[in-house]
Amino acid sequence: MDSQALPTTFEVIGPDTFQRDGYPHDAWKCLRERAPVHWFDLPGGVGFWAITKREDILTLSKQPQRFLNAPRLAIFEEGGPVENRTEVRQLLNMDPPEHAAYRGAASSWFTPRAIRRRAPEIERITRDLLAEMAGDGGERAGDFVADLAAPLTLHVLADMLGVPREDWRLMFQWTNQIAGASDNEYGDSETPGGGVMDARNGLFAYFTELAAERRKTPRDDMVSVLANATVGGEPIAPLELLSFYLLLVVAGNETTRNAASGGLLALIENPPEMAKLRRDPSGVDLAVEEIVRWTSPVIQFCRTPVEDFELRGQSIRAKDSMCLLYPSANRDADAFEAPDAFRVDRRPNPHLGFGVGEHFCLGASLARLELRIIFRELAQRLEAIELDGPVERMRSSFLGGVKRMPIRYRLSVR
Ligand code: HEM
């Protein structure tokens, strides 16, 4: 990048750039230092303000009445205003007071205390998968995404929702199609958006039946909780109910999967940090916060102001889109000492990987628990590990996805 020029639109939110090189941290750093609130045109679509500093994301996220989620979820390269498509109505495109009413229908299931009850099951699943990976304890090769990160997060989520085992493959397919809409491997290259609509329709049909079943015979699972919940004294209407399931399936799968793969990659690339964690696996809680900061699996969400206002001297108009770039905030030198260093014992670590404010990640406790269990087990059992080929990333400007991560390793047998 020319040291004088500011980055271009697709250097900042370009799915091709992300797929080829990973996150464009140099471009984001340049913006933080020289143009932290900066307007970008979007070829073929409506432009946006890139918000790259942690403090600004905090300010905007903490005023949900002034800065709305509803009109535009995120910036996608296809452009267009990407107004809220009526096909989906879920928490991430709702605003106060409606948002809190719907969130309340699920929130008691996601408290840290409620989530702790799931630890034994998550430990069991993790150990089963690691036992497969370990074999007889000799040197093995595999793909960490396919062997652990993807099946673990899928299993935990399916279990929480109450989806029977024979249908997990469907969930996996839908989540890939939705999150990987811009990636030809998952999306439908012939019809733009076709893969997403197919997945959305398949998922809606499936959960319509499952919810009906759980209304008749409720069980201890999330499908039952939402199918029998009321908002404003009424049962949740079909579109909102099915969208809630869709949100949980996608938000719960892709993000944690990518934090797990990206976290292991960071440990492989930083051997002294790996050694530190192996010496003291009890430091895993701090390590997980650093992994979420470092990987920041959610790249961006938008906020839209209801009235004109000023931020860092820039005049922002009502209805402009502001793109909150979480991975950039998480490398902000005003908030983090040596932000470009991966340190498993970083403290304090005020990262925004899970967002902040009204829309703070509902699944943060679950994600943290899964990641703590994975990295504690790995710290205790990994005897050797190295990359065994190039890491393949998903083509997306919304989620930082790792599709394949070939590794060669030795894991102790338990
Ligand atoms: C490392 C893993 C995860 C990361 C990095 C992550 C990140 C995020 C972020 C950045 C937001 C938006 C915050 C905002 O707009 O202010 C969010 C919202 C959300 N996340 Fe997560 N998430 C993760 C795991 C999960 C899991 C496991 C679940 C569910 C099982 C989940 C469910 C949700 C839901 C439902 C919302 C919408 C909340 C709302 O709008 O009120 N997430 N997440």
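Arg312 sits in the loop between strand E8 (309–311) and strand E9 (314–316). Its phi is near 45°, a positive value in a residue other than glycine. Element names here follow DSSP runs: helices are H or I stretches of at least four residues, strands are E stretches of at least two, and both are numbered from the N terminus.

A word on the model before going on. Residues are numbered from 1 along each chain as its sequence is written. The model is predicted, so local features need pLDDT of at least 70 and side-chain atom pairs count only at pLDDT 80 or more, while totals for chains, interfaces and linings use all residues.

Two peptide bonds also deserve a look if you plan to check backbone geometry. The bond from Pro96 to Pro97 is cis, with omega near 0°, and Pro97 lies in the loop between E3 and helix H5 (98–107). The bond from Arg347 to Pro348 is cis too, with omega near 0°; Pro348 is found in the loop between helix H15 (326–329) and H16.

## Around the ligand

Which residues come nearest to the ligand? They are Gly252, Thr255, Gly355, Cys361 and Gly363, out of 29 residues around it. A residue counts as near a molecule or strand if its C-beta atom, placed from the backbone, lies within 6 Å of it.

H12 gives the largest share of this shell, 7 residues. H12 and helix H16 (364–381) each supply at least two residues of the shell. By type, the shell divides into 19 nonpolar, 9 polar and 1 charged. In this grouping Ala, Val, Leu, Ile, Met, Phe, Trp, Tyr, Cys and Pro count as nonpolar, Asp, Glu, Lys and Arg as charged, and the others, Gly among them, as polar.

## H12 and its two helix partners

H12 (residues 238–269) and H8 (residues 144–161) have axes that come within 9 Å and cross at roughly 150°. Axes are lines fitted to C-alpha atoms, for helices over the stretch in contact, and angles run from 0 to 180 degrees between N-to-C directions. That angle makes H8 roughly antiparallel to H12; the classes are roughly parallel under 35 degrees, roughly antiparallel over 145, roughly perpendicular from 65 to 115, and oblique for the rest. The crossing of H8 and H12 is right-handed, a term used when the near helix is turned clockwise from the far one by less than a right angle (left-handed if anticlockwise). Residues in the contact include Ala149, Thr153 and Leu157 of H8, and Gly252, Thr256 and Ala260 of H12. Two residues are in contact if their C-beta atoms, placed from the backbone, lie within 7 Å. The residues of this contact divide into 11 nonpolar, 5 polar and 1 charged.

With H16, the axis of H12 comes within 10 Å and crosses at roughly 30°, which makes H12 roughly parallel to H16. H12 passes H16 in a right-handed crossing. The contact is made by Thr255, Thr256, Ala259, Ala260 and Gly263 of H12, together with Ala367, Glu370, Leu371, Ile374 and Phe375 of H16. Its residues divide into 6 nonpolar, 3 polar and 1 charged.

## H7 against H16

Helix H7 (residues 119–134) packs on H16 at an angle of about 40°, with the axes 10 Å apart. The two helices are therefore oblique to each other, and H7 passes H16 in a right-handed crossing. Among the residues making the contact are Glu123, Arg127 and Leu130 of H7, and Glu370, Glu377 and Arg381 of H16. The residues here divide into 6 nonpolar, 1 polar and 5 charged.

E11 and E14 (residues 406–411) run antiparallel and are joined by 5 bridges; Leu387 has Ile407 of E14 as its bridge partner. Strands pair if DSSP finds at least two bridges between them.

The other open sheet has 5 strands in the order E1-E2-E10-E7-E3, and the pairing is mixed. Its edges are strand E1 (37–40) and strand E3 (67–68), each with a single partner strand, so one side of each is left without a neighbour in the sheet. E1 and E2 (residues 48–51) run antiparallel, joined by 4 bridges, and the partner of His38 in E2 is Ala50.
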